[in-house]
Amino acid sequence: MEYTVQKLATLAGVSSRTLRYYDEIGILKPARINSSGYRIYGQNEVDRLQQILFYRELGLDLDSIKKMVTAPDFDGARALKEHREKLLEKRQQLDALIANVEKTIATKEGRITMSDQEKFEGFKKKLVEDNEHKYGKEIREKYGDEQVDQSNAKVMNMSQEDYEKVTKLANQVNETLAEAFKTGDPAGELAQKAADLHKQWLTFYWKEYSKEAHAGLGQMYVDDERFTAYYDKEQPGTAEFLRDAILIYTGMKK
């Protein structure tokens, strides 16, 4: 079966403008252009759009999706299995949050009592699972299973006070880094303050801090496009700036 832009957009629940944009950036080209100049999509294009929308639902950016679905060795069947696993992980995260909300409601109604740690258990579990989903493979390869498992356990055992502190620290890192970036000097006072705040933030997750590991993480922010995209989302070049500030802070700058 074949579809025009409008028909495919209606079928998939996206806008015609989205399909035209996907064509422009080369992530989803029509099968052909008919004699009237209309884009025509076939079964292969329908399947690819489904893959793209799956990846979008999982939070990937279009550049990353394009690299995957246009790769010569892209395996659609394997990708669907991976989607299924990730969706199951996401469902587990939502189930944990729902259970947390239900407990909180029961507590408010006086039916049960809930410890402070329980109140944040769902959020902490989601944080751990999100990090595993996004960066687990790379971090485990770099630091080893034991260190990552210890880090995850440390997060799950955080007190309410520590959870609030680390959340506040994360915001302080980003705010200070944004101000420091404007100076253009990774060795400057603001940049070094950002690096120090970043170290403090890490100590909530790492069993032991080391300058070498800190510097290695800073380099990974540049080497891994997902980390780079996170830090560069407001101002391109921020990931490299943070890396340089950390290298200076740790004394690892060559």
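1. K67 lies in helix α4 (residues 62-69), where helices are DSSP runs of H or I with at least four residues, numbered from the N terminus. With a relative accessibility of 53%, K67 counts as exposed (over 50% relative accessible area, with a 1.4 Å probe and protein chains only). The C-alpha atom of K67 is separated by 8.6 Å from that of I27, the two residues being 40 apart along the chain.

2. This is a predicted model, in which local features need pLDDT of at least 70 and side-chain atom pairs count only at pLDDT 80 or more, while totals for chains, interfaces and linings use all residues. Residues are numbered from 1 along each chain as its sequence is written, and side-chain values use heavy atoms, with hydrogens and water left out.

3. Helix α9 (residues 189-203) packs against helix α10 (residues 211-223) at an angle of about 105°, their axes being 12 Å apart. The two helices are therefore roughly perpendicular to each other (65 to 115 degrees). On the α9 side the contact (heavy atoms within 4.5 Å) is made by A195, H198, K199, W201 and L202, and on the α10 side by H214, L217 and Y221.

4. The second largest pocket has a volume of about 240 Å³. Residues lining this pocket include N174, F181, K182, Y230, E234 and T238. Two or more lining residues come from each of α8 (160-183) and α11 (225-232), and α8 gives the most, with five residues.

Notes: Axes fitted to C-alpha atoms, helices over the stretch in contact; angles between N-to-C directions. Parallel < 35°, antiparallel > 145°, perpendicular 65-115°, else oblique. 1 Å grid on protein atoms, 1.4 Å probe; cavity = no way out; pocket = protein on both sides within 12 Å on 5 of 7 lines; lining within 4 Å. Points joined across faces, edges and corners; volume = space filled by probe spheres on them. Buried < 20%, exposed > 50% of the residue type's maximum accessible area, 1.4 Å probe, protein only.
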